[in-house]
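Visitor: Hello! Could you show me how to read a few features here, one at a time?

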Amino acid sequence: MCVNRKIILAAAVMFAGFFSSSAVLHAQQTAYGEMFAGAAVSADFPYFSGVGAELEVGAYRSSFYFGGTAAALDRTVTESYSGEKLHYTRWTLNPVFMWRLFSNKAHTLGFYVGGDVFFGTETLDTWKTLSDETWQSLTAGTTESNSFSESSLVYGTGVRAEIEFFPVPCLAVVARIRPNACFGGQFRWFKSDVTLGLRYNFFL
């Protein structure tokens, strides 16, 4: 009987230790000074006329995080003269600031709002799919009021709303919507994109 009690007591201690350590790990999510790195895929919203990818790094503070992303988003438009699909790709760096509006006690679920500014370059016919005739007509300005250049400077700003969820310690699933305005490049617009990715948290 004493042996069984000792076994039961030892098992209880092990389970208590496991759950307490798990709670500590969860409590450390988004802790002050914690760093993160992540990767995500993105798409134009709501028409999904373009797809892209981004890498991010950053650091948490008590009620916000800051960081930066390197992003690429490829969109398509129909060229009016030939009807061919023209790819244009934005390659940007984005300093980001996000304020935590809500989180549960363990910070395994959080909702953020904030924004970014971006700058970079836009390349036309990135994948070289246009015919030579169409490309020459675009760059010569024979089908548009202004001629197109192969690459140009882009810059602008975006507003972000983001949900962050930790299904396991240190690894989060992140979903985001980002209305943004671009003031450079050949195609200036106000559009939105959506992002889904993974974020890994760590202490240096």
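Guide: Gladly. Let's start with a term: a polar contact is a pair of N or O atoms within 3.5 Å, where, within protein, one must be able to donate a hydrogen and the other to accept it. Please keep in mind that this model is predicted.

Visitor: Which side chain has a polar atom 2.9 Å from the backbone oxygen of R178?

Guide: That is the side chain of N180. The side chain of N180 also joins the side chain of D193 through a polar contact of 3.1 Å.

Visitor: Where does N180 lie, and is N180 buried or exposed?

Guide: N180 lies in strand β7, which covers residues 171-182. Buried means under 20% relative accessible area. N180 has 5% relative accessibility, so N180 counts as buried. Leaving aside residues up to four places away in sequence, N180 touches F118, T157, G158, W189, F190, K191, S192 and D193.

Visitor: How do strands pair in a sheet?

Guide: Strands of a sheet pair through backbone hydrogen bonds, either parallel or antiparallel. In this model, eight strands close into a barrel in the order β1-β2-β3-β4-β5-β6-β7-β8, with antiparallel pairing. On average, neighbouring strands of this sheet are turned by 25° against each other, direction ignored.

Visitor: How many bridges pair strand β4 with strand β5?

Guide: Strand β4 (residues 85-103) and strand β5 (residues 109-124) pair over 13 bridges, in the antiparallel sense. M98 stands opposite G114 in β5.

Visitor: How many aromatic pairs does the structure hold?

Guide: The structure holds 10 aromatic pairs. One of them is F64 with W99: the ring centres are 6.0 Å apart and the planes are at 10°, so the pair is stacked. The pair links distant parts of the chain, with F64 in strand β3 (residues 64-78) and W99 in strand β4, 35 residues apart. F64 counts as partly exposed at 21% relative accessibility, and W99 counts as partly exposed at 42%. F97 and W99 also form an aromatic pair, this one tilted, with 6.4 Å centre to centre and 35° between the planes. F97 is partly exposed too, with a relative accessible area of 39%.

Visitor: Which residues do ring pairs link into a cluster?

Guide: The cluster is made of F36, Y60, Y65 and Y112. R199 lies over the face of F36, at 4.5 Å from the ring centre.

Visitor: Which ring does the charged end of R61 sit over?

Guide: The charged end of R61 sits over the ring of Y32, 4.8 Å from its centre.

Notes:
Residues numbered from 1 in each chain as written. Predicted model: local features only at pLDDT ≥ 70, side-chain atom pairs only at ≥ 80, totals over all residues. Heavy atoms only, no water. Pairing = 2+ DSSP bridges. Helix = DSSP H or I, 4+ residues; strand = E, 2+ residues; numbered from the N terminus. Axes fitted to C-alpha atoms, helices over the stretch in contact; angles between N-to-C directions. Buried < 20%, exposed > 50% of the residue type's maximum accessible area, 1.4 Å probe, protein only. Contact = heavy atoms within 4.5 Å. Phe/Tyr/Trp six-rings, centres within 6.5 Å; stacked < 30°, edge-to-face > 60°. Lys NZ or Arg CZ within 6 Å of the ring centre and 35° of its normal.
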